[in-house]
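Welcome, and take a moment to look around before reading on.

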Amino acid sequence: MTVVALVGTQWGDEGKGKITDVLASKADVVVRYQGGNNAGHTVVVGDTTYKLHLIPSGILYEGTTCLIGNGVVVDPQVLCGEIDYLHRGGISTANLYISERAHVIMPYHKVLDRLEEERRVRKIGTTGRGIGPAYVDKYMRMGVRMLDLKSRESLEQALDQTLPLKNEILQNVYGHPGFRKEEIVDEYLGYRKTILPLLTDTSLLVYQARQAGQGVLLEGAQGTFLDIDHGTYPFVTSSNPTSGGAAPGVGIGPNHIDQVIGVVKAYTTRVGEGPFVSELNDAIGDLIRERGREYGTTTGRARRCGWFDAVMIRYAVRVNGLTGLAMTLLDVLDALEDIRVCVAYEYRGERLEHFPADLNVLRECKPVYAELSGWKEDTTEVKDVTDLPAEAQAYLVFLEEQVGCPIQIVSVGPRRDQTMLLHPIFR
Ligand code: GDP
Ligand code: IMO
Ligand code: MG
């Protein structure tokens, strides 16, 4: 009986899709609990690369039940497209279910996401997928839920609550013509054939799986520093990717989560705006970007790259209650002569060990670096941690000590067989 939450410890794109896929070989159920198709999770199986935005990364296993939990915001158009994409690749979605409580991304959410971003003085660099505006409606209690798609009447009723206000904002604030209810209703009812059979009480399925002693993996999207509460606000997403978001986003008790694994890159990346203390705007940053193919899975934007930041990961260990780390992309550092790790920040002559809340402070923070030797050796075919070059092993030990959490998984390439499990996660 194990429920494992897998969370991003940085600014997203840590390799959650890959690690979820690896762990899903042993799990019975994989659940997404927050975010939406702002996520882009990559899974490489043999010669095929799958990019998943909404459907859990466990979907490539025939027998694994995949659930989109109530905490996710679902764009039905994207969902239908992703189901089609998987079917074209010969992947079954027979075990996919969606919470009827999940909120729906509507056309006006996507338009508002773009218009709000254009209007902002301080740009966030959102993915433009309508995520923020959909969560706004959820918390304004004027959202449309998946169960509203069950009949024309219920969808119309839900839209009557919200569309007049959206149109007023679109027309009067943004000079946009707005949306006609009939058009939205017709489009969204068109998705019902695919979607209605998938709607269920996903919380109950997870509860029953746990009662039956099955392994359940909760797949986080985004990352700790994109968390609406714990991230670098306002340069964050509109949900709680941290482990605390998993219980309400799935509909389980927090005491039912047995382990929390933090996925962490061997360095740091960020897409979009906001401060980044260990950022490298130089040839090493470019080398990491090229070696790690650091271009966004969702928007194709170049990711900003920097050294591993132990201050950030210490914070991630704390706010997620991490029980273990999965270290990814270690192989990207294979080419480097010397490696640096940010162990503290210096703020106006003062040493900070803990990540500050105030972005004005963060912007002025200078990284305090520890210097380590690189290994200049190819690690991509190493199958056992003890066979890694001595300097790479020393790097891992140093990071564990710095952040106070054991590394349980080491990944040296995108493929499944480029993964070393130091400690079994599911029996
Ligand atoms: P996610 O959003 O956390 O699932 O991560 P993304 O899929 O957006 O980005 C991670 C990228 O790194 C993907 O292209 C993966 O295929 C790739 N990847 C994952 N683990 C490794 C690794 O250990 N080494 C290398 N070289 N690539 C990896
Ligand atoms: P995965 O799951 C990286 C970033 C966006 C932007 C901010 C807000 O693949 O790790 P949003 O559209 O959510 O309102 O954008 O959050 N962002 C991500 N960055 N990986 C992601 O997901 C992200 N999802 C959102 O770039 O800075
Ligand atoms: Mg991603």
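The residues of the shell around ligand 1 fall into 3 nonpolar, 9 polar and 6 charged. Keep in mind while you look that this is a predicted model.

Which residues of that shell come nearest to ligand 1? Of the 18 residues around the ligand, they are Lys-16, Gly-17, Thr-42, Asp-331 and Ser-411. Backbone atoms also reach oxygen atoms of ligand 1. For Gly-17, a backbone N or O atom lies 2.8 Å from an oxygen atom of ligand 1. For Gly-40, a backbone N or O atom is likewise found 2.8 Å from an oxygen atom of ligand 1, and for Glu-14 the distance from a backbone N or O atom to an oxygen atom of this ligand is 3.0 Å. On its own, ligand 1 has 580 Å² of accessible area, and the protein covers 92% of it.

Two elements, α1 (16-24) and β3 (41-45), are the ones that give two or more residues to the shell around ligand 1. Helix α1 gives the most, with 3 residues. On the scale of domains, at least three residues of this shell come from each of domain 1 (2-100 + 199-259) and domain 3 (263-421).

Now turn to ligand 2. Its shell divides into 7 nonpolar, 10 polar and 3 charged residues. Among the 20 residues around ligand 2, the nearest are Asp-13, Lys-16, His-41, Thr-127 and Thr-237.

Gln-222 comes in through its backbone, where an N or O atom lies 2.8 Å from an oxygen atom of ligand 2. How much of the accessible area of ligand 2 does the protein cover? The protein covers 98% of the 540 Å² that ligand 2 has on its own.

The table gathers the contacts of both ligands.

| Residue | Part of the residue | Ligand | Distance to an oxygen atom of the ligand |
|---|---|---|---|
| Glu-14 | backbone N or O | ligand 1 | 3.0 Å |
| Gly-17 | backbone N or O | ligand 1 | 2.8 Å |
| Gly-40 | backbone N or O | ligand 1 | 2.8 Å |
| Gln-222 | backbone N or O | ligand 2 | 2.8 Å |

## Two buried residues

His-53 sits in the loop between β4 (48-52) and β5 (65-68). With a relative accessible area of 18%, His-53 counts as buried, because the cut-off is under 20%. The side chain of His-53 reaches the backbone oxygen of Ala-39 at 2.7 Å. Leaving aside residues up to four places away in sequence, His-53 touches several others, including Arg-32, Gly-40, Glu-82 and Thr-297.

Lys-265 belongs to strand β11 (residues 259-265). Is Lys-265 buried or exposed? Lys-265 is buried, at a relative accessible area of 1%. Its side chain makes a polar contact of 2.9 Å with the side chain of Thr-269. Among the residues that Lys-265 touches, not counting those up to four places away in sequence, are Asp-13, Glu-14, Glu-294 and Met-327.

## Backbone features in the loops

Most residues other than glycine have a negative phi, and most peptide bonds are trans. A few places here depart from that pattern. Arg-141, though not a glycine, has a positive phi of about 60 degrees. Arg-141 lies in the loop between α4 (131-139) and α5 (152-173) and is exposed at 74% relative accessibility. Arg-293 is not a glycine either, and has a positive phi of about 45 degrees. The loop between α10 (283-291) and β13 (304-306) holds Arg-293, which is exposed with a relative accessible area of 66%.

The peptide bond from Tyr-233 to Pro-234 is cis, with omega near 5 degrees. Pro-234 is placed in the loop between β10 (215-219) and α9 (246-250).

## The domains

The chain is divided into domain 1 (2-100 + 199-259), domain 2 (104-193) and domain 3 (263-421). Between domain 2 and domain 3, the C-alpha centres lie 38 Å apart. Across these two domains, 6 residues of domain 2 are in contact with 5 residues of domain 3.

How values were computed
Residues are numbered from 1 along each chain as its sequence is written. Chains are lettered from A and ligands numbered from 1 in the order in which they are written. This is a predicted model: local features need pLDDT of at least 70, side-chain atom pairs count only at pLDDT 80 or more; totals for chains, interfaces and linings use all residues. Side-chain values use heavy atoms; hydrogens and water are left out. Helices (H or I, at least four residues) and strands (E, at least two) are DSSP runs, numbered from the N terminus. Buried means under 20% relative accessible area, exposed over 50%, partly exposed in between (1.4 Å probe, protein chains only). A polar contact is a pair of N or O atoms within 3.5 Å; within protein, one must be able to donate a hydrogen and the other to accept it, and residues adjacent in sequence count only if both atoms are side-chain atoms. Contact means heavy atoms within 4.5 Å. A residue is near a molecule or strand if one of its heavy atoms lies within 4 Å of it. Accessible areas come from the Shrake-Rupley method with a 1.4 Å probe; for residues, only the protein chains shown count as cover. Ala, Val, Leu, Ile, Met, Phe, Trp, Tyr, Cys and Pro count as nonpolar, Asp, Glu, Lys and Arg as charged, and the others, Gly among them, as polar. Domain bounds come from an automatic or database domain assignment.
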